[in-house]
Amino acid sequence: MPIVTLQFPEVKQQTENRPERCKYCQGGTFQRWGKVRKPVRDKRYRSVQVYRYQCCSCHRTFRHYPQGVDRADQTQRMRKLASLMWVLGMSLRGVAVALSWFDVQLCHMSVWRDLQEQANKLEHRYRWQPVRVLGVDGMYPLVKGEKRPVILAVDLGNGQPMAIGRVDESNPYAVKRWLEPLVKRLGVSVIVTDDLNSFRVVAEKLEVERQVCQFHLRRWVGRDLYELRETVPKEWLWVLDEVKSLLDELPPEGSRRLFELWKLIPERRAGRNQPRSPLDKLRYLLIRLSEHWDSYRVFAWHNEVPWTNNGTEQAIGRLKMRSRTVRGYKSWQGMWAALMLTGSVLDW
Ligand SMILES: [Zn+2]
């Protein structure tokens with residue numbers, strides 16, 4: 001997690017200004033209409049001074065709160081502090097207990113409401129901000145005691161998680177249904193994913209470009225090459241070397257070269273029930289890499305596209321970290337709040 005300076009909303013005991021606009025009619029002139037003391041839950045104040053005003057245009061009255069205070073009985077900084085403690089790994093009850101050391105009495109359900117509110121605020125803030133490059137990845141968190149497939153989307157421009165869905169990443173139809181509205185709303189033009197086939201199908205259907213995460217790619221190709229090195233006839237070992245250097249360098253003409261290599265290797269059909277021969281496996285690897293080549297090097301011509309899905313994996317890591325301390329999530333709502341609030345920016 002990057003180092004962040006936390007900013008907490010300031011809380012004033014009384015208002016220092018008059019209201020600017022009437023919240024009902026936008027009128028700009030008011031008469032003071034008495035004052036009340038409002039009890040608040042805060043580390044410094046027990047109560048604040050709230051003035052009431054009457055609007056000279058529509059004659060309605062309203063309360064004008066001091067900075068950091070609103071209708072809620074907790075001040076804004078207490079709500080933020082409670083959410084932050086939860087994000088860092090405390091349980092709802094743990095937060096309530098810890099705050100009571102500061103003489104702030106909160107029940108665990110108000111802590112729950114606080115973090116839903118903070119997560120909502122974040123979601124609203126990012127809801128319509130354009131996202132050009134979206135990282136997408138699946139995971140299997142523990143929710144209500146069971147491992148369930150989940151997919152999540154992260155703005156790779158700033159690391160902010162955007163959405164989480166109860167979708168199995170290997171099902172292209174489900175992934176498309178979930179991703180389509182997000183891609184449209186945010187104006188996404190590139191997705192970064194691992195090498196799963198479902199993401200290839202979805203990217204084609206949604207007409208977005210797709211960058212395959214190079215970590216994933218190199219991991220599985222490296223494994224295949226390692227295995228083939230032990231098994232293919234010696235006279236073909238140079239092909240493995242060439243595949244390795246193509247992947248290291250990712251040249252634009254790589255697809256054509258892989259296709260040529262594929263044609264060089266004689267095809268020997270294994271019988272129906274026989275396992276594929278090492279040379280067949282090599283042919284399959286070559287044609288697959290050749291066909292997917294473009295999706296390995298989108299980052300080469302878009303400089304805001306990263307070459308790995310690291311930003312999404314970090315968000316997953318933070319979700320898992322919180323999940324471990326609380327032994328899984330008790331609800332989807334809780335997981336959603338954790339995802340929104342553990343965003344790399346943490347500047348809520
Ligand atoms: Zn008014």
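Select helix H10, residues 310-325, in this predicted model. Helices (H or I, at least four residues) and strands (E, at least two) are DSSP runs numbered from the N terminus. H10 has 16 residues and reaches 23 Å from its first C-alpha to its last, close to the 22 Å expected; the expected span is 1.5 Å times one less than the number of residues.

Residues are numbered from 1 along each chain as its sequence is written. Local features need pLDDT of at least 70, side-chain atom pairs count only at pLDDT 80 or more, totals for chains, interfaces and linings use all residues, and side-chain values use heavy atoms, with hydrogens and water left out.

Next, display Thr-312, Ala-315, Ile-316, Arg-318, Leu-319, Arg-322 and Ser-323, which are buried (under 20% relative accessible area; exposed is over 50%, partly exposed in between; 1.4 Å probe, protein chains only). Seen down the axis of H10, these buried residues fall within an arc of 155°, so they line one face of the helix; the arc is that of the directions from the helix axis to the C-beta atoms. They pack against helices H1 (76-87) and H11 (332-341) and strands E4 (133-139), E7 (150-155) and E8 (161-165), contact meaning heavy atoms within 4.5 Å. Just after H10, Arg-327 takes a positive phi of about 50°.

Now select the zinc ion. Its protein donors are the SG atoms of Cys-22, Cys-25, Cys-55 and Cys-58, lying 2.3 to 2.4 Å from it (donors are N, O and S atoms within 2.8 Å of the metal, 3.2 Å for Na, K and Ca; water is not among the atoms, so sites may look incomplete). Along the chain, the donors follow the spacing C-x2-C-x29-C-x2-C. Cys-25 lies in the segment before strand E1 (30-39) and Cys-58 in the loop between strands E2 (47-55) and E3 (61-64), so the pair ties together parts that are 33 residues apart in sequence.
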